[in-house]
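Let us walk through this structure.

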Amino acid sequence: MTAPKLYAISDLHVGHEINRRAVESISDHPGDWLVLAGDLGETVEHVEAVLGALLPRFAKLLWVPGNHELWTRGEDDLRGLAKYDRLVEVCRSRGVLTPEDPYPEWPGDGPPCVVAPLFLLYDYSFGPDGLEPEEAIAWAMEDGVLCLDEKRLLPDPYPSREAWCRARCAQTFERLARLPADVGTVLVNHFPLRREHAVLPAVPRFVPWCGTRLTHDWHVRFRARVVVGGHLHVRTTRWLDGVRFEEVSLGYPRQWSRQRGIEGSLREILPGRGRM
């Protein structure tokens, strides 16, 4: 019997028809798991479409939200935590694992390991040292950069996005800390866990919306075999402290190669590639 593989991809943005058709073309991977690391689209219907296309093709799906899924696009749309809860409900009704579910044990070879979907958000601390959130936003705007989250990612009932981020980090830290000391992890979060990994050559001052310094040592503290993320639309493999960090974005239509195809953008996480 062939050993299972764990694949990951993020930032599918299926509101773009080219991306939606590409997702629908992904071939069957019987026995394998797929991590969907956020920004599948901008609406509940986008998430439902992705899950409907991919559920029959993989043994298990795991999902974490990006910022786009959490957007409120109109007066009648859900806001903040209510939007997140609705997305969790959509996933759970289809058997897709979320950050609110027990971390599943990876059934493949190797030492004990769980795959941990995380939802942590950002708190603007990836900006320059010592800046308050408002100052970090002003610093970004000096270069003409302002994330649409400021209008569309509403934190209700939290007073701010950074407060929501702090609450999520505290809650998740406690869950991860309860794992047995001999169990490793695959940490999956839409946003980078490390500030120095938030490298955006085209828009360097976008970094305030890219993560939180609260997670800077989580890859070591929680015995990560691999850390999976997206958000940057800059696919990379990095190594730090012996841990592999994979940025697995597909991106907007202009950012990925139709010649290579979407299959070439499915990143193998486990067993994974050797050290590069």
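**Helices, cores and cysteines**

Helix 2 passes helix 3 in a right-handed crossing (the near helix is turned clockwise from the far one by less than a right angle). Helices here are DSSP runs of H or I, at least four residues, numbered from the N terminus. This is a predicted model: local features need pLDDT of at least 70, side-chain atom pairs need 80 or more, and totals for chains, interfaces and linings use all residues. Residues are numbered from 1 along each chain as its sequence is written, and side-chain values use heavy atoms, without hydrogens or water.

Helix 3 covers residues 80–93, and its axis lies 10 Å from that of helix 2, at an angle of about 20 degrees (axes are lines fitted to C-alpha atoms over the stretch in contact; angles run from 0 to 180 degrees between N-to-C directions). The two helices are therefore roughly parallel (under 35 degrees). Val 44, Val 47, Glu 48 and Leu 51 of helix 2 meet residues of helix 3 including Leu 87, Val 90 and Cys 91 (heavy atoms within 4.5 Å).

The largest nonpolar core has 70 residues, and Leu 12, Leu 36 and Leu 54 touch the most other members. Such a core joins buried Ala, Val, Leu, Ile, Met, Phe, Trp, Tyr and Cys residues through side-chain atoms within 4.5 Å; buried means under 20% relative accessible area, with a 1.4 Å probe and protein chains only. Helix 2 (residues 44–54) gives this core its largest share, six residues.

The whole structure holds zero disulfides (cysteine sulfur pairs within 2.5 Å). Cys 210 is buried, at 0% relative accessibility.

Terms used:
Buried means under 20% relative accessible area, exposed over 50%, partly exposed in between (1.4 Å probe, protein chains only). Angles under 35 degrees count as roughly parallel, over 145 as roughly antiparallel, 65 to 115 as roughly perpendicular and the rest as oblique.
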